[in-house]
Every structure is written in structure tokens, then in C-alpha cells.
Amino acid sequence: MAGPVPELEDRSTTCAKRLCEADRVLLASHIDADGLTSAAIAATALERAEIPFETVFEKQLDEDAIADIAATSYETVLFTDFGSGQLDIIGDHEDAGDFTPVIADHHQPADRETAYHLNPLLFGLNGASELSGAGASYVLARALADVSDSTPDPDVAADGGTVTASGAANARADNCDLAALAVVGAVGDMQAAGGELHGANQGIVDEGVAAGVLETGKDLALYGKQTRPLPKLLEYASDVHIPGISNDENGALRFLDGLDLELKRNGEWRRWAGLTFDEKQTVASALVRRAVSSGVPAKKIDQLVSTAYVLSEEPVGTELRDASEFSTLLNATARYERADVGLGVCLGDREGALERARQLLREHRRNLSNGIDLVTREGATQKEHVQWFHASDEIRETIVGIVAGMAMGNAGISRSKPIIAFAEKNDEEVKVSSRGTHSLVRQGLDLSVVMGEASRAVGGDGGGHDVAAGATVPKGKEEAFVEHADEIVGEQLS
């Protein structure tokens with residue numbers, strides 16, 4: 001197999017061969033955008049290889065969830081986008097003969113080994129920035145295509161329809177069409193640092209482009225280029241703050257009115273995706289001139305442009321066309337316990353599942369907006385090295401981390417310190433989410449270590465990535481957790 005990640009070729013082949021030996025497989029996956037795309041890639045690859053399977057989702061792969069999996073009659077379990085961090089518990093079940101685990105993940109592994117473990121961190125690659133869970137699943141899918149004796153019917157998709165999971169008109173025997181979903185997962189996992197994907201992710205992008213399911217190119221680094229009316233696109237563009245436009249509805253309208261362009265058709269504002277190349281150049285140039293004249297630093301102005309990842313088989317003007325918008329749509333389904341809806345969208349359901357996902361996205365945006373308003377209004381408690389807030393039951397524990405990340409930089413919320421957020425999980429436990437910046441990571445921040453060590457010090461557990469991680473701790477232990485976290489971050493950044 002001439003796979004996209006040579007370092008993982010041997011291990012992915014070993015894992016694929018084990019799956020092909022199974023009579024049937026239980027596919028267990030995480031529920032965020034990376035987890036959903038991981039599951040969709042794995043499900044499509046298993047179906048094309050004619051390996052019977054069933055899919056289950058877990059918000060958190062804890063001891064109870066793993067015990068439930070062990071209680072099933074499946075002898076082979078494929079874990080995607082989680083499993084590495086729980087390998088000690090999984091390994092105990094493996095030793096007991098409950099099931100054989102196959103793991104395609106990118107999180108920090110527990111101190112335990114198993115034969116069928118596909119993780120970039122085991123091969124010198126960065127799981128937080130070079131390969132996502134969906135990327136690991138894609139590498140496994142490519143290996144499955146290579147070792148499987150089955151050749152898919154080119155007119156039949158994994159969902160039984162006539163399109164593949166990526167929306168392409170035909171399934172590919174080499175599974176390269178699944179690269180589009182892998183890119184959506186990587187973007188959803190915040191791996192497009194500096195505006196583009198790096199490392200092993202780039203190899204997947206290249207395969208997607210060659211397969212005709214991806215297009216890339218430099219474009220404005222604004223969210224909503226496919227779906228937002230132009231005034232809203234500019235008004236909500238807050239990553240690079242442009243005075244008189246960002247967070248200013250009237251200012252965005254005045255800016256557009258000053259351009260010699262047809263900005264409305266049939267009484268409706270046009271969208272960025274519908275503009276011609278020359279029209280886009282006109283808007284972008286005017287934005288840069290405004291930024292320069294307003295004193296925006298040159299480094300910030302450079303961030304106005306990034307690499308766009310477009311799913312070329314999806315309709316123009318929909319969330320599914322843009323990897324960033326697609327990932328946000330999926331996150332909206334996951335955060336509201338409807339992973340089945342997100343999986344349906346990934347597998348090509350463009351009717352019921354897509355409409356339900358859009359409804360959930362509208363609800364998700366309302367909740368995020370209310371959460372950000374709450375955090376900005378209440379502020380964060382400042383420690384020497386971290387800042388934190390406790391949302392109690394006012395922000396859902398499934399979105400409190402997103403809110404924390406989006407609130408950084410607002411009034412009273414610093415971007416020079418990682419932020420820690422608490423929200424009620426149940427009567428006994430509190431969910432902890434943390435977010436940093438890539439700049440802090442370059443200085444030594446590793447929130448995976450912070451969340452893991454600080455939570456275990458107070459009787460909980462946690463982990464994740466260097467720039468974003470989470471934990472669960474007993475109620476009443478929040479301030480003790482913060483003290484431990486503050487000390488650890490201080491040591492990392494010293």
C-alpha cells in the first residue's frame with residue numbers, strides 16, 4: 001500500500017488484517033466532529049470490505065462504558081478517536097478474553113501495549129497537529145482497501161444509497177474518496193494551525209485532491225463563506241478584529257455599500273461562495289486596506305488569508321461544501337446527544353439527517369452565544385498562570401469548552417493564559433474543559449498533561465491534546481483542581 005502516512009503503513013496493515021479476520025466488529029467512536037468523521041470513515045471501509053459491524057457512540061470512554069462494550073457478544077472491537085488513553089482498562093478486558101481491541105486514535109496513550117494500536121504518537125508524529133482521529137481512521141481505511149479481498153460495487157455507498165460518504169458519485173476501491181471526511185475531522189479538531197493543515201494531514205489532503213473530492217486554495221480566513229450573507233460574514237469575523245467592521249453590523253453594511261459590486265440579487269445578499277474571483281479580490285483588497293488604515297498589526301493582517309478546504313462534490317452554498325462549516329454542523333449534533341444524525345450526514349443522508357442537523361446547529365449557535373455572553377459578563381477568576389470560571393448548570397457540559405475557547409480575548413478574558421471551565425455533569429461530578437492557544441503551546445503548554453495530572457490529584461481523570469483537553473472531577477474539588485493546574489502550567493511555561 002502506498003498510503004498517505006508511510007510511518008503508519010505497517011501497523012495499519014496489521015490492524016486491517018485483524019479486522020478482516022473478524023466475523024463481525026463492534027465500532028465504538030467518540031461523538032465530536034473528529035469522532036463522527038472517524039466513525040463514518042471506518043463504517044464505510046468496513047462495509048466496502050464486507051465486514052459486518054454495528055456502531056455505538058460514547059461521550060466519554062470511561063470504565064463503565066468499556067465494561068458495557070465488554071458485556072456484548074462482539075469478539076472484535078474497533079475504537080476510533082478514543083481508546084488510546086483508556087488502553088490500561090481496555091487491556092484488562094483483553095487479558096480477560098472479553099474482546100480483541102483494534103484502536104485508531106491520536107490521543108496520548110496510557111502506559112500499556114496492545115498489538116492492534118494505530119496512533120501517530122507511537123511513530124513520532126504529533127497527534128494534536130499532524131494527524132487527527134479521522135486521519136488515523138483514514139489510514140486504516142486505506143489499509144483495509146488494500147488487504148481486503150472484496151471490491152465494492154462502484155454504484156453503492158456505505159449507507160446503501162447511490163453516493164459515497166464524501167458525496168462522490170462513485171465509491172473508490174482504494175477508499176481515497178474518504179479523504180474529504182478525514183480533512184473535515186482534522187479541521188474540526190483544530191489542527192489547521194496557522195491557517196492550514198500540516199504533517200501527515202497534508203498527505204491526506206493530497207490524496208483527496210487527486211481523488212477529486214477536495215479542492216484547496218488561498219482564501220479569506222473567515223467562517224461562513226458558504227452560508228452567511230456577506231454583511232454577517234464580515235460582522236462576525238472576529239479572529240482578526242477590523243475596527244468599524246468586526247462586531248459592527250452597521251459598519252459592515254457601510255463597508256460593503258462603498259464597494260462597486262453587485263452585492264444583492266433578487267433582493268438577497270450574496271454569499272462569498274457565489275462571488276466571482278475578481279469580486280472576491282475586490283472585497284479582500286478593501287478589507288486589507290481598511291485593516292492597514294485602522295492600525296491592525298501586519299502579523300494580524302496576514303491571518304486574514306488561509307488555506308480553504310472545499311469538498312468539491314458537495315453543493316455550493318451549503319455547510320457541507322466547506323470543511324470548517326461541515327465540522328461545526330457535526331459538532332452541533334454531537335453536543336446534543338444526536339451522534340446518529342451526524343453520522344447520517346457523513347454517510348450521505350442529504351434529507352432527514354441534514355435537516356435535523358441544521359436545526360441542531362441553530363440551537364447550538366443560540367446556546368454558544370448565550371454562553372459567551374455569560375462568561376464575558378461574569379468574567380474569569382485570574383490565577384498566576386491560568387484563568388477559570390464555573391458555569392454550574394447555566395452552560396451545558398458538552399459545550400462549555402467551546403464557549404471557553406471562543407470567549408478568550410473578550411473583555412476580562414486573557415489570551416495570554418489557558419482558560420479552565422467547569423460545568424455540572426451529574427450530582428457527583430463536574431466536567432472540566434480547558435483551552436489554550438497555539439502560541440502558548442509553542443512556549444511549552446500541554447493541557448493534556450495538565451488535565452490528567454491535576455484531575456488525578458483530586459480523584460478524577462482527564463486528558464486530551466496540548467491545546468485543548470478535558471477532565472471529570474468530584475464535586476467540591478474544583479478549587480483544589482485549579483491550584484494543581486496553576487502550578488503545573490507555571491512549571492510548563494517557566
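Student: Where is methionine 190 found?

Tutor: This is a predicted model, and in it methionine 190 is found in the loop between helix H6 (179-188) and helix H7 (200-211). Its phi is positive, about 60°, although methionine 190 is not a glycine. The residue counts as partly exposed because its relative accessibility is 40%.

Student: Which other residue has a positive phi although it is not a glycine?

Tutor: Aspartate 81 has a positive phi of about 65°. Its place is also in a loop, the one between strand S3 (76-80) and helix H4 (87-95).

Student: Is aspartate 81 buried or exposed?

Tutor: Buried means under 20% relative accessible area. Aspartate 81 has a relative accessibility of 1%, so it counts as buried.

Student: Let us turn to salt bridges. What is the general idea?

Tutor: Side chains of opposite charge can pair when their charged atoms come close. A search of the whole structure finds 21 salt bridges. In one of them, the side chains of glutamate 397 and lysine 59 meet at 2.8 Å, N to O.

Student: Which parts does the pair of glutamate 397 and lysine 59 tie together?

Tutor: Glutamate 397 lies in the loop between strand S11 (387-390) and helix H15 (400-407), while lysine 59 lies in the loop between strand S2 (53-57) and helix H3 (63-70); the pair therefore ties together parts that are 338 residues apart in sequence. Glutamate 397 is buried, with a relative accessible area of 10%, whereas lysine 59 is partly exposed at 38% relative accessibility.

Student: Which residues do salt bridges that share partners join into one network?

Tutor: Lys59, Glu397 and Lys431 are joined in this way.

Student: Which side chain of opposite charge is nearest to glutamate 478?

Tutor: That side chain is lysine 475, which is 7.2 Å away. A salt bridge requires a side-chain nitrogen of Lys or Arg within 4 Å of a carboxyl oxygen of Asp or Glu. Glutamate 478 has no salt bridge, yet it is buried. Glutamate 478 is found in helix H18, residues 478-493. Leaving out residues up to four places away in sequence, glutamate 478 touches His390, Phe422 and Val430.

Student: Which residues form a negative surface patch?

Tutor: Among them are Asp62, Glu63, Asp64, Asp68, Asp111 and Glu429. The largest share of the negative patch, three residues, comes from H3. Aspartate 111 has its place in the loop between strand S4 (100-104) and strand S5 (117-118). Aspartate 111 is exposed, with a relative accessible area of 84%.

Student: How do I read residues that are separated along the chain?

Tutor: One sets their separation in sequence beside the distance between their C-alpha atoms. Cysteine 15 and tyrosine 116 are 101 residues apart along the chain, and 5.1 Å separates their C-alpha atoms. Arginine 289 and isoleucine 301 are 12 residues apart along the chain, with 9.7 Å between their C-alpha atoms. Arginine 289 is in helix H10, residues 277-293, and is exposed at 55% relative accessible area.

Student: Where does cysteine 15 lie, and with which residues is cysteine 15 in contact?

Tutor: Cysteine 15 lies in helix H1, residues 9-21, and counts as buried at 1% relative accessibility. Leaving aside neighbours within four places in sequence, cysteine 15 is in contact with Val102, Tyr116, His117, Leu118 and Leu140.

Conventions:
Residues numbered from 1 in each chain as written. Predicted model: local features only at pLDDT ≥ 70, side-chain atom pairs only at ≥ 80, totals over all residues. Heavy atoms only, no water. Helix = DSSP H or I, 4+ residues; strand = E, 2+ residues; numbered from the N terminus. Buried < 20%, exposed > 50% of the residue type's maximum accessible area, 1.4 Å probe, protein only. Lys, Arg positive; Asp, Glu negative; His and termini not counted. Contact = heavy atoms within 4.5 Å. Patch = residues over 30% accessible without salt bridge, like charges linked within 9 Å, V, L, I, M, F, W, Y side chains within 5 Å. Areas by Shrake-Rupley, 256 points an atom, 1.4 Å probe, with all protein chains shown as cover. Charge placed at Lys NZ, Arg CZ, Asp CG, Glu CD.
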